[in-house]
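Welcome! Have a look at the structure first, then try each task before reading on.

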Amino acid sequence: MISHLKSMGIDGIEGYPVSVECFISNGLPNFEVVGLPDASVKEARERVRAAVKTSGFKFPPSRITVNLAPANTKKTGTLYDLPILLGILAAQEQITLPDDDCAFLGELSLEGKLRPIPGVLPMAIAAVRAGIRTLYVPIQNAKEATLAEGLTVIPVYSVPQLIAHLRGSPTIVPQARWERTDLRREIPDFKEVMGQENAKRALEIAAAGGHNILMVGPPGSGKSMLAKRLPSILPEMTSDESLEVTQIHSILGLVDPDNPLVTTRPFRSPHHTVTAVGLAGGGSVPKPGEISLAHRGVLFLDELPEFRKETMEVLRQPLEDGKVTITRATGSETYPCEFMLVCAMNPCRCGWYGDPSGRCTCSEQSVRGYVGRISGPLLDRIDIIIEVPAVSFDELRARKEGEPSSAIRARVNAARAVQHRRFDGTSVVNNAHMNPEQLRAACALSEECADLMREAFDTLGLTARSYDRILKVARTIADLDGAEAIGLSHLAEAIQYRTYQIGRN
């Protein structure tokens, strides 16, 4: 006997339909899964065998062949346990499968209960595109699956419960669509930061235009504290951005079962021991890395020179393209990674180079070696470099509350609204990602500004890339100021953020 039913698969961060075919024939008992399964899919044989028996059904002592089509696409994960089990029971005519417009996903325990699986949201969205109207998923994944529009989601707790539902009594109530609540994750506020007005201004500009920023200063000056408060001034994510980010987090099983939609911009802060694969993604079965988990949000690299050189260099291409492509012998995967890069570092190994206290113990050679761990091409991709000096005693003693994030965020939102109108109808969402044509149209300079830019270009030894980045930052400053054109003060401030020389007094 042969049976057919539908399931789904994951390719990169996109789902695709999978047909599960089960054939039971005479011969020596054997259970084979074909269709390019990985080890976890092959192990489904033992989980399915145990789940069938513990759920009160008969496992056939026959030759069983399960084909996962398309057979030329690698199948990974444990999500095929449930469809394989149902295919075996249907081939024995122990159950009758529903119509073709439904699909099944789920990992099985040995006692026939369903366990949650990663990647449900992208598979649910792909199921809608494939014409599937009903999706059976583990009960822990049900709320996540309802984020896909136009899909009836059936939450399944165990195999006996599902079989009873398929037989008509009792039926499982479909999962109600998850609705977003007004509850927001607590984010540290800028009002808690004393002093550092210049750094706050730089971060406001970075947030308004989506620019990359590097903060340089001694230990305890507040670099990490400032970076962690950056999400509090970033604009709210749109519905499309939330779905896009949630799909990436879903692939890695990082979605909250009770609140499945990611509604706050990601803030990722990997330790400096992270590998290049951990940062960019990859592995024998390619998975997104930290830069993709930071998509539409912030990637914070603290103690930048402590990262391995090969790890830092993998950022160069993603920072330009907004995506990263992982190539392996079995194929390639492309993951989105449009993020704000926020870095922090000490000016030397001891951290006190250039401090008025004179406590630095590093030689000039040591300072140059420490700063030299950051390549010129990577620094060239950073729009704003700002010094964060140590906070004075008077500022600490005053305990004066700073400007709240809500006020800064209002200005950022106003500047972003200008950019949305400017780039309406295009894929660009902020000034940092302007293409050359948009740059020419939005960043035209007056003769006075052109003279200043020419002088800065020659004096600072700018590259074509850094020239463009200064113009983009100037455009953002003008947007914050509500100006139609870039003025001399806007350009001068943007140039100022490129004049700081790391490792020099």
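**Exercise 1.** At what angle do helix 20 and helix 21 pack, and how far apart are their axes?

*Solution.* Keep in mind that this is a predicted model.

Step 1: Two packed helices are described by the angle between their axes and by the distance between the axes.

Step 2: For helix 20 and helix 21, the angle is about 130° and the axes are 8 Å apart.

Step 3: Angles of 65 to 115 degrees count as roughly perpendicular and those over 145 as roughly antiparallel, so helix 20 is oblique to helix 21.

Step 4: The crossing of helix 20 and helix 21 is right-handed.

**Exercise 2.** Which residues make the contact between helix 20 and helix 21, and how do they divide by type?

*Solution.* Step 1: Helix 20 contributes Ile470, Leu471, Val473, Ala474, Ile477, Ala478 and Asp481. From helix 21 come His490, Leu491, Glu493, Ala494 and Ile495.

Step 1: Sorted by type, the residues of this contact are nine nonpolar, one polar and two charged.

Step 2: Now look at burial within helix 21, residues 488–496: His490, Leu491, Glu493, Ala494 and Ile495 are buried.

Step 3: The buried residues of helix 21 pack against helix 7 (197–209) and helix 19, as well as helix 20 (464–481).

**Exercise 3.** Is Ser62 buried or exposed, and is Arg454 buried or partly exposed?

*Solution.* Step 1: Ser62 sits in the loop between helix 2 (44–54) and strand 4 (63–69).

Step 1: Buried means under 20% relative accessible area. Ser62 has 17%, so Ser62 is buried.

Step 2: Beyond residues up to four places away in sequence, Ser62 touches Ile24, Ser25, Gly27, Leu28, Pro29 and Asn30.

Step 3: Arg454 belongs to helix 19, residues 447–460. Because its relative accessibility is 49%, Arg454 counts as partly exposed.

**Exercise 4.** How many residues has the largest nonpolar core, and which have the most contacts inside it?

*Solution.* Step 1: This core has 64 residues, and those with the most contacts inside it are Phe31, Val66, Ile84, Leu85, Leu86 and Ile88.

Step 1: Helix 3 (residues 81–91) gives the most to this core, with eight residues.

Step 2: Take Val66 as an example. Neighbours within four places in sequence aside, Val66 is in contact with Val20, Glu21, Cys22, Phe31, Glu32, Val33, Val34 and Ile84.

Step 3: There is also a second, separate core of 47 residues, and Leu226, Ile233, Ile486 and Leu491 are among them.

Technical notes:
Residues are numbered from 1 along each chain as its sequence is written. This is a predicted model: local features need pLDDT of at least 70, side-chain atom pairs count only at pLDDT 80 or more; totals for chains, interfaces and linings use all residues. Side-chain values use heavy atoms; hydrogens and water are left out. Helices (H or I, at least four residues) and strands (E, at least two) are DSSP runs, numbered from the N terminus. Buried means under 20% relative accessible area, exposed over 50%, partly exposed in between (1.4 Å probe, protein chains only). Contact means heavy atoms within 4.5 Å. Axes are lines fitted to C-alpha atoms, for helices over the stretch in contact, and angles run from 0 to 180 degrees between N-to-C directions. Angles under 35 degrees count as roughly parallel, over 145 as roughly antiparallel, 65 to 115 as roughly perpendicular and the rest as oblique. A crossing is left-handed if the near helix is turned anticlockwise from the far one by less than a right angle, and right-handed if clockwise. Ala, Val, Leu, Ile, Met, Phe, Trp, Tyr, Cys and Pro count as nonpolar, Asp, Glu, Lys and Arg as charged, and the others, Gly among them, as polar. A nonpolar core is a set of buried Ala, Val, Leu, Ile, Met, Phe, Trp, Tyr and Cys residues joined through side-chain atoms within 4.5 Å.
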